[in-house]
Amino acid sequence: MKTLALALASTIVALPASAGVYVNVENNGSYDGADYTGSTTDLHVGYEGGTDSFGYYIQGGPAIVATDGGDDTDNLLSGKVGATVAATEKLDFYGELAVQTNEGDDDNSWATKIGTKYKF
């Protein structure tokens with residue numbers, strides 16, 4: 001995973017500033033019912049591009065994980081790749097693949113997102 005992060009960072013640094021480079025800071029809180037359990041804050045640098053009918057992005061960087069009542073935070077790595085395809089002027093399809101490292105010998109955490117968006 002560290003090799004992937006290094007390759008992503010090298011690629012992003014080599015891109016021209018006007019080519020769709022962005023910074024994305026995102027916090028995701030977790031709850032079990034009404035009980036707050038913690039949060040993950042992603043500090044990502046990314047690149048996006050595409051055409052009128054197809055868009056894509058790739059982003060990655062540190063992920064700061066804080067559990068509720070925990071004494072410290074975990075500093076991990078995370079990344080996402082995604083794409084959007086315009087089926088018509090009003091209908092889009094999209095998908096995302098995300099990964100986050102874990103502490104110790106635990107396997108990486110993976111997540112997917114797939115959906116449609118209809119514009120009125």
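Modeller: A salt bridge here is a side-chain nitrogen of Lys or Arg within 4 Å of a carboxyl oxygen of Asp or Glu. The model is predicted, so local features need pLDDT of at least 70 and side-chain atom pairs count only at pLDDT 80 or more, while totals for chains, interfaces and linings use all residues. Residues are numbered from 1 along each chain as its sequence is written, and side-chain values use heavy atoms, with hydrogens and water left out.

Biologist: How many salt bridges in the whole structure?
Modeller: The search finds 3.

Biologist: What does Lys80 pair with?
Modeller: Glu26, with the closest N and O atoms 2.9 Å apart. Lys80 sits in strand E4 (residues 73-86) and Glu26 in strand E1 (residues 21-32), so the bridge ties together parts 54 residues apart in sequence. Strands are DSSP runs of at least two residues, numbered from the N terminus.

Biologist: Is Lys80 buried or exposed?
Modeller: Buried, at 12% relative accessible area. The cut-offs are under 20% for buried, over 50% for exposed and partly exposed in between (1.4 Å probe, protein chains only). Glu26 is partly exposed at 26%.

Biologist: Next one. Which residue does Lys119 meet?
Modeller: Asp92, at 3.0 Å, N to O. Lys119 is in the segment after strand E6 (109-118), and Asp92 is in strand E5 (residues 91-100), 27 residues apart. Asp92 is buried at 10%. Lys119 is partly exposed at 33%.

Biologist: And what about Lys113?
Modeller: Lys113 bridges to Glu96, with the closest N and O atoms 4.0 Å apart. Lys113 lies in strand E6 and Glu96 in strand E5, so this pair joins parts 17 residues apart in sequence.

Biologist: Where does Glu96 fall on accessibility, buried or exposed?
Modeller: Buried, at 16%. Lys113 is partly exposed at 44%.

Key: Helix = DSSP H or I, 4+ residues; strand = E, 2+ residues; numbered from the N terminus.
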